[in-house]
Amino acid sequence: MNSIATTFPAALTSAGYDGTWHGPGPWWPIFPLLWLLVVFSAIALFGWFGRRRWRQMGAQSGRRAGEARLAERYASGEIDEREYEQRLATLQRLSPQ
């Protein structure tokens, strides 16, 4: 009867495996360094793109807040139509795109 339990160890010893473990080898530091590189790159990319997007969103939300406040003042009668249009044009001209 030729089973795996007898065939596999025989194949290993005939291939030069003596049954002892000789350690991870000299190349083992490469894998932790590669993982650190992957994690650091992901954090750097998320940070860079996230900051850029945050700045863009902040500028746009500031512009929208200014336009909303201007519309509130116009609706409440604090400013007239001419002044509303002038200030709105100024907000749109000065805000970053």
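The protein has an average pLDDT of 79, and 69% of its residues score at least 70; pLDDT is the predictor's confidence in each residue, from 0 to 100. The structure is a predicted model, in which local features need pLDDT of at least 70 and side-chain atom pairs count only at pLDDT 80 or more, while totals for chains, interfaces and linings use all residues. Residues are numbered from 1 along each chain as its sequence is written, and side-chain values use heavy atoms, with hydrogens and water left out.

Confidence is lowest in helix H1 (residues 4–14), with a mean of 61, and highest in helix H3 (residues 81–94), at 88. Helices here are DSSP runs (H or I, at least four residues), numbered from the N terminus. Helix H2 (residues 30–76) contains Phe31.

Three aromatic pairs are found in a search of the whole structure. Rings of Phe, Tyr and Trp (its six-membered ring) pair if their centres lie within 6.5 Å; planes under 30 degrees apart count as stacked, over 60 as edge-to-face and the rest as tilted. One of the pairs joins Trp27 and Phe31, edge-to-face, at 5.7 Å centre to centre and 85° between the planes. Trp27 is partly exposed at 47% relative accessibility, and Phe31 is partly exposed at 46%; this class lies between buried (under 20% relative accessible area) and exposed (over 50%), with a 1.4 Å probe and protein chains only.

In another pair, the ring centres of Trp48 and Phe49 are 4.6 Å apart and the planes stand at 65°, so this pair is edge-to-face. Trp48 is partly exposed at 45%, as is Phe49 at 42%.

Notes: Helix = DSSP H or I, 4+ residues; strand = E, 2+ residues; numbered from the N terminus.
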